[in-house]
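This briefing is intended for a reader who is meeting the structure for the first time. Please keep the sequence and the model at hand while reading.

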Amino acid sequence: MKKLVFILSVIVFAACGSKEEQRKEEEVNPHSKEQMQKDITAMEKELFGSNGTIADEDKGMKMIGLYSDFVGLFPDDPNCPKYLFLAADIAGAIDKPRIRVQNYTKILEKYPDYDKNGSIEYLLALTYDSDLDQREEAKKHYENVIKTGKDTNLVRDASVRMES
């Protein structure tokens, strides 16, 4: 009888543990991928409005957070580099150059095959150069644009900025 009570206790404890794990997972990921994408679309409409400009820094930061949450939860989704790029764009619009750098860097490191990486490398250099006044860091990225750049306009611009 004692063995039966013990076994039942273990089963009940294990069942409660798995429900606790499920509850914790739901707290970490309260939305499905589809719901998060709907939330992103709705917030984008609200943030960008009809004229495409961002006027509210708090809403901009919330949008950046939503993009970041999505990328953290679903890093293999093909929208991730686009969301990081948009987050960087918003960060630039609300004068948050460090957040802009973080997002550009994450794209280059985690999504090396993203088709806009040449432009992103240039924008990263430009952010270091113009917004953060970190000329040496900017030069590294300008050099990468010159070495690997396929867009001749960006290569030319990076070369000019290297000389100035």
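The model is a predicted one. The structure holds nine salt bridges, and several of them are described here residue by residue.

**Salt bridge between Lys33 and Asp77**

- Lys33 and Asp77 meet through their side chains in a salt bridge, with an N to O distance of 2.9 Å.
- This pair links distant parts of the chain, 44 residues apart: Lys33 belongs to helix H2, while Asp77 lies in the loop between helix H3 (57–73) and H4.
- Lys33 counts as partly exposed because its relative accessibility is 28%.
- Asp77 has a relative accessible area of 8% and is therefore buried, the limit for that class being under 20%.

**Salt bridge between Glu46 and Lys59**

- A salt bridge also joins Glu46 to Lys59, and the closest N and O atoms are 3.2 Å apart.
- The two residues are 13 residues apart and link distant parts of the chain, with Glu46 in helix H2 and Lys59 in helix H3.
- Glu46 is exposed because its relative accessible area is 51%, and the class of exposed residues begins over 50%.
- Lys59, at 31% relative accessibility, counts as partly exposed.

**Salt bridge between Arg100 and Asp131**

- Arg100 forms a salt bridge with Asp131, in which the closest N and O atoms are 3.8 Å apart.
- Arg100 lies in helix H5 (residues 97–110) and Asp131 in helix H6 (residues 117–131), so this pair ties together parts that are 31 residues apart in sequence.
- Arg100 is buried, as its relative accessible area is 16%.
- Asp131 counts as partly exposed, given its relative accessibility of 42%.

**A network of salt bridges**

- Asp129, Arg135 and Arg161 are linked to one another in a network of salt bridges.

**Glu44, a buried acidic residue**

- Glu44 is placed in helix H2, which covers residues 33–48.
- Although Glu44 is buried, it has no salt bridge.
- Lys82 is the nearest side chain of opposite charge to Glu44, at 5.9 Å; a salt bridge would require the nitrogen and the carboxyl oxygen to be within 4 Å.
- The side chain of Glu44 does make a polar contact, at 2.5 Å, with the side chain of Tyr67.

- Ala91 is found in helix H4, formed by residues 80–93.
- Its relative accessibility is 0%, and Ala91 therefore counts as buried.
- Leaving aside residues up to four places away in sequence, Ala91 touches Ile64, Lys96, Ile99 and Arg100.
- Between Ala91 and Val101, which are ten residues apart in sequence, the C-alpha to C-alpha distance is 9.0 Å.

**Crossing of helices H7 and H8**

- Helix H7 (residues 135–148) and helix H8 (residues 152–163) have axes that come within 9 Å and cross at roughly 145°.
- The crossing in which H7 passes H8 is left-handed.
- On the H7 side, the contact is made by Arg135, Lys139, Tyr142, Glu143, Val145 and Ile146.
- On the H8 side, the contact is made by Leu154, Val155, Ala158, Ser159, Arg161 and Met162.

Methods: Residues numbered from 1 in each chain as written. Predicted model: local features only at pLDDT ≥ 70, side-chain atom pairs only at ≥ 80, totals over all residues. Heavy atoms only, no water. Helix = DSSP H or I, 4+ residues; strand = E, 2+ residues; numbered from the N terminus. Buried < 20%, exposed > 50% of the residue type's maximum accessible area, 1.4 Å probe, protein only. Lys, Arg positive; Asp, Glu negative; His and termini not counted. Polar contact = N/O pair within 3.5 Å; in protein donor to acceptor, adjacent residues only side chain to side chain. Contact = heavy atoms within 4.5 Å. Axes fitted to C-alpha atoms, helices over the stretch in contact; angles between N-to-C directions. Left-handed = near helix turned anticlockwise from the far one by under 90°.
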